[in-house]
Amino acid sequence: MSERTKLVLLPGLLCDARLWRHQSENLADIADVTVIDLTRDDTMAAMAQRVLAEAPPRFALAGLSMGGYTALMMGAHRPNRLLSLTAAGAGSGSDRSGGEAFRKTFMTTADDFEKHGSAHVVGVYGMGTAGIPFLVKDPRGFAEFNEMFASHDPHGAARTLRGFQ
């Protein structure tokens, strides 16, 4: 019998293991799946260090959004630890012409987390231009995402937003 694949999954910004629930459950027969919590860190370097500290010596890595950026950083700096790398949706803020405005929006959102709390930010953000199509297409998924988003500590969310961007 061959050895099971060690698979590490990295959630997106303000997400947690719930993001990868279906993948974790459906891959459990063929892989040892670990989802690493990136919400405790405030820089990409710290996130990558956490992954290296918590992951097996060699592993397959997949990340979504902010987790995808972290995965790419690891691929560039520690490829010897990786069996494979998948980065999905890791293009936010890549349009350099609007980079400063993009970062300013994130800083304002970080301030809102600290001033008003997670539930308030989710209410505003969730009904924004990206949220409405999500709500229409997948009401259950929209509700799950907003619940996950709202459950984060507002100060930790602000710290992660400021450090990530």
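Q: Where is the place of Arg50?
A: Arg50 has its place in helix H2, helices being DSSP runs of H or I with at least four residues and strands runs of E with at least two, numbered from the N terminus. This is a predicted model, in which local features need pLDDT of at least 70 and side-chain atom pairs count only at pLDDT 80 or more, while totals for chains, interfaces and linings use all residues. Residues are numbered from 1 along each chain as its sequence is written, and side-chain values use heavy atoms, with hydrogens and water left out.

Q: Which residues does Arg50 touch, not counting residues up to four places away in sequence?
A: Contact means heavy atoms within 4.5 Å, and on that basis Arg50 touches Ile36, Asp37, Arg40 and Asp41.

Q: Why does Asp41 count as buried?
A: The relative accessibility of Asp41 is 8%, and buried means under 20% relative accessible area, with exposed over 50% and partly exposed in between, for a 1.4 Å probe and protein chains only; Asp41 therefore counts as buried. Asp41 has its place in the loop between S2 and helix H2 (44–54), and Asp41 touches Ala46, Met47, Arg50 and Thr160, not counting residues up to four places away in sequence.

Q: What makes H2 roughly perpendicular to H3?
A: Two packed helices are described by the angle between their axes and the distance between the axes. For H2 and H3 the angle is about 75 degrees and the axes are 9 Å apart, where axes are lines fitted to C-alpha atoms, for helices over the stretch in contact, and angles run from 0 to 180 degrees between N-to-C directions. Angles under 35 degrees count as roughly parallel, over 145 as roughly antiparallel, 65 to 115 as roughly perpendicular and the rest as oblique, so H2 is roughly perpendicular to H3.

Q: How many residues of each class does the contact of H2 with H3 have?
A: The contact has 10 nonpolar, 1 polar and no charged residues, where Ala, Val, Leu, Ile, Met, Phe, Trp, Tyr, Cys and Pro count as nonpolar, Asp, Glu, Lys and Arg as charged, and the others, Gly among them, as polar. Among those that meet are Met47 and Leu52 in H2 and Tyr69 and Met73 in H3.

Q: What order do the strands of the open sheet have?
A: The order of the 4 strands is S2-S1-S3-S4, with parallel pairing, and strands S2 (31–35) and S4 (82–88) are the edge strands, each pairing on one side only.

How values were computed: Two strands pair if DSSP finds at least two bridges between them.
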